[in-house]
Amino acid sequence: MSERPDRLAAVLEQIKREAQRGEFRVTQHAQQEMVEEEITLDEVLEAISKSEILEHYPEHRRGACCLLNGVTNERRALHVVCTSPPPPLILITVYQPKPPEVDNAPSKEKQAMKCSIRGCPGEYEERTIVHTVKYRGDVLVIDHVPAEVCAVCGDVLLTPETVRRIEVLLKTTGRPARNVPLYEFA
Ligand SMILES: [Zn+2]
């Protein structure tokens, strides 16, 4: 962090003010992560109100961003990646920080790829995602799709093999493995 501490303190104050006033937006990625980890928006706002800036990324594509470390009223630790002022405040990623991994786990042979989003300090992690596509007017949900997901900004990448596999899947759509409920928002 090369930024001056008094400037970062002002940044944090403004983020807290905007969050408290409800003057912010949430990325789709952050909302999906919140649902998955059962983190409510109220918990996120509690954590932000009691947070400190862990890292500041001045050159991010969305403008300057920072990683906040906060704790909810129930003492649940949360990390929030959000834009720094000027507004609009955007909550980009929300997650419960994982305890540091035990170091004698088998070392990954593959070097993690750096995030391709300009200024994003994240790296892609191999995960499986729930992938939703609209195909010929139908909503299709494909679970356990292997993907590379940036831990900081949530950017998602698919390999050519995965895209081809999805093409085959859609062409040969037989009976789905399971049926999932489809909710209308309103
Ligand atoms: Zn990223």
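A word on conventions before we set off. The model is predicted, so local features need pLDDT of at least 70 and side-chain atom pairs count only at pLDDT 80 or more, while totals for chains, interfaces and linings use all residues. Residues are numbered from 1 along each chain as its sequence is written.

Let's start with the whole chain. It holds four helices and eight strands, where helices (H or I, at least four residues) and strands (E, at least two) are DSSP runs numbered from the N terminus. Reading along the sequence gives the pattern α-β-α-α-β-β-β-β-β-β-β-α. The C-alpha trace spans about 60 × 45 × 30 Å along its principal axes. Of the 186 residues in the chain, 20% are buried; a residue is buried if 20 or more other C-beta atoms lie within 10 Å of its own, exposed if 12 or fewer, and partly exposed in between, with C-beta atoms placed from the backbone. Contacts tell us about the fold too: two residues are in contact if their C-beta atoms, placed from the backbone, lie within 7 Å. Among contacts between residues at least 6 apart in sequence, 54% join residues at least 24 apart.

Now for the sheet. Strands of a sheet pair through backbone hydrogen bonds, either parallel or antiparallel. Here, three strands form an open sheet in the order β6-β7-β8, with antiparallel pairing; two strands count as paired if DSSP finds at least two bridges between them. At the edges are β6 (124-135) and β8 (156-157), each pairing on one side only. Eleven bridges link β6 to β7 (residues 138-150) in the antiparallel sense. You can pick out Glu-126 with its bridge partner Glu-148 in β7, and Lys-134 opposite Val-139 in β7. The hairpin of β6 and β7 has two residues between the strands, and Arg-136 takes a positive phi near 50° there.

Val-149 stands opposite Val-156 in β8. Five residues lie between the strands of this β7 and β8 hairpin, in which Gly-154 has a positive phi near 80°.

While we are in β7, have a look at Pro-146, which lies in this strand. Why does Pro-146 count as partly exposed? Because it has 14 C-beta neighbours inside 10 Å. Leaving aside neighbours within four places in sequence, Pro-146 is in contact with Glu-126, Thr-128 and Thr-162. Met-113 is 33 residues away from Pro-146 along the chain, and their C-alpha atoms are separated by 15 Å.

Finally, turn to the helices. The axes of α1 (residues 5-21) and α3 (residues 41-49) come within 9 Å and cross at roughly 150°; axes are lines fitted to C-alpha atoms, for helices over the stretch in contact, and angles run from 0 to 180 degrees between N-to-C directions. The two helices are therefore roughly antiparallel to each other, since angles over 145 count as roughly antiparallel, under 35 as roughly parallel, 65 to 115 as roughly perpendicular and the rest as oblique. On the α1 side the contact is made by Ile-15, Lys-16, Ala-19 and Gln-20, and on the α3 side by Leu-45, Ile-48 and Ser-49.
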